[in-house]
Amino acid sequence: MPDPSLSVPPSLSDRVAEAVRDGIRARRFVPTELYSVYQLAELLGVSRSPVREALLRLAETGLVQFERNRGFRVVLPEARDVAEIFAVRLALEPPAARRAAGAGLAVAGTLEALDAALGHDDERAFWAADRMLHDRILRGAGNRRAADIVASLRATTELLAPPTSSGSRSLRQIRNEHEPVIVAIVRGDGDAAEAAMRRHLVDTGRLLVAQVAGLSPDAPTVAEIWDAVVGVTPPHAGAGTTAHGTSAA
């Protein structure tokens with residue numbers, strides 16, 4: 001059991017990376033502009049070293065791209081990039097849900113946290129509970145590295161748009177997608193937990209691919225992108241892909 005008193009606080013480079021992500025969310029940093037390390041360091045009031053370290057990490061995730069002797073640009077994911085992100089998540093999270101069920105992982109409290117956030121109409125708390133659930137399943141399945149990878153991938157997709165927007169799934173609908181995952185884990189039903197997590201990720205991924213492509217989720221191009229990257233989805237693995245997407249899952 002982790003000891004909270006021994007937790008490591010975010011480093012300066014961590015804070016710089018998060019500041020860049022915040023700037024992208026707020027559209028202060030945009031793909032059409034070229035930025036310099038010096039400019040960013042001055043803007044944030046820090047030295048260049050943590051800025052370079054943060055940018056190198058963001059470049060590894062594909063979020064920024066360096067131009068030699070010129071600076072860096074923001075690179076937002078395109079539809080195929082989003083499909084690739086969900087292909088990775090699908091490789092990691094459904095099996096983790098199965099293992100979590102077998103391990104008897106305590107996750108009932110995460111559903112209560114989602115419900116409490118809904119009851120208070122607190123969208124920030126809802127997404128925090130959503131992230132906590134996915135992270136707890138991965139770590140509870142015994143794979144800390146997988147949890148870190150998924151957290152990084154989510155941080156990228158969350159930059160694409162507000163977590164909810166006009167025409168997207170409601171928070172209630174997203175909560176309802178999580179419920180069968182949680183119930184199956186609590187019951188120790190690995191098959192059901194894996195299947196429910198897969199359905200949730202397929203639905204979310206296809207919605208977000210459509211959103212980034214500016215298309216309807218049932219457009220043939222969306223299916224072509226998804227199938228080319230993730231593979232053909234069995235009819236039962238993803239259902240209800242009928243509305244514009246959401247950037248969190």
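User: Which residues of α1 and α3 meet?
Analyst: Leu12, Ser13, Asp14, Val16, Ala17, Val20 and Arg21 in α1 meet Pro50, Val51, Glu53, Ala54, Arg57 and Leu58 in α3. Contact means heavy atoms within 4.5 Å, and helices (H or I, at least four residues) and strands (E, at least two) are DSSP runs numbered from the N terminus.

User: How do the residues of that contact divide into nonpolar, polar and charged?
Analyst: The contact of α1 with α3 has 8 nonpolar, 1 polar and 4 charged residues. Ala, Val, Leu, Ile, Met, Phe, Trp, Tyr, Cys and Pro count as nonpolar, Asp, Glu, Lys and Arg as charged, and the others, Gly among them, as polar.

User: Before we go on, what kind of model is this?
Analyst: It is a predicted model, where local features need pLDDT of at least 70 and side-chain atom pairs count only at pLDDT 80 or more, while totals for chains, interfaces and linings use all residues. Residues are numbered from 1 along each chain as its sequence is written, and side-chain values use heavy atoms, with hydrogens and water left out.

User: Thanks. At what angle do α1 and α3 cross?
Analyst: Roughly 60°, with the axes of α1 (residues 12-25) and α3 (residues 48-60) coming within 8 Å. That makes α1 oblique to α3. Axes are lines fitted to C-alpha atoms, for helices over the stretch in contact, and angles run from 0 to 180 degrees between N-to-C directions. Under 35 degrees counts as roughly parallel, over 145 as roughly antiparallel, 65 to 115 as roughly perpendicular and the rest as oblique.

User: OK, new topic. How many residues are in the largest nonpolar core?
Analyst: That core has 46 residues, and Phe86, Phe126, Ile137, Ile185, Val209 and Trp226 have the most contacts inside it. A nonpolar core is a set of buried Ala, Val, Leu, Ile, Met, Phe, Trp, Tyr and Cys residues joined through side-chain atoms within 4.5 Å. Buried means under 20% relative accessible area, exposed over 50%, partly exposed in between (1.4 Å probe, protein chains only).

User: Which elements give two or more residues to this core?
Analyst: They are α4 (79-103), α5 (108-119), α6 (123-140), α7 (144-157), α8 (171-187), α9 (190-213) and α10 (220-229). α4 gives the most, with 10 residues.

User: And what does Phe86 touch, away from its sequence neighbours?
Analyst: Leaving aside neighbours within four places in sequence, Phe86 is in contact with Thr157, Leu201, Thr204, Gly205, Leu208 and Trp226. There is also a second, separate core of 18 residues, which includes Ala17, Val20, Leu40 and Ala54.

User: How do α4 and α10 pack?
Analyst: Their axes are 9 Å apart at an angle of about 45°, so α4 and α10 are oblique to each other. On the α4 side, Ala79, Arg80, Ala83, Glu84, Phe86, Ala87 and Leu90 meet Ile225, Trp226, Ala228 and Val229 in α10.

User: Over to α9, then. Is Glu194 buried or exposed?
Analyst: Glu194 counts as buried because its relative accessibility is 17%. Apart from neighbours within four places in sequence, Glu194 is in contact with Pro94, Pro95, Ala97 and Arg98.

User: What about Val212?
Analyst: Val212 has 28% relative accessibility, so it counts as partly exposed. The C-alpha atoms of Val212 and Ala79 are separated by 5.4 Å, although these residues are 133 residues apart along the chain.
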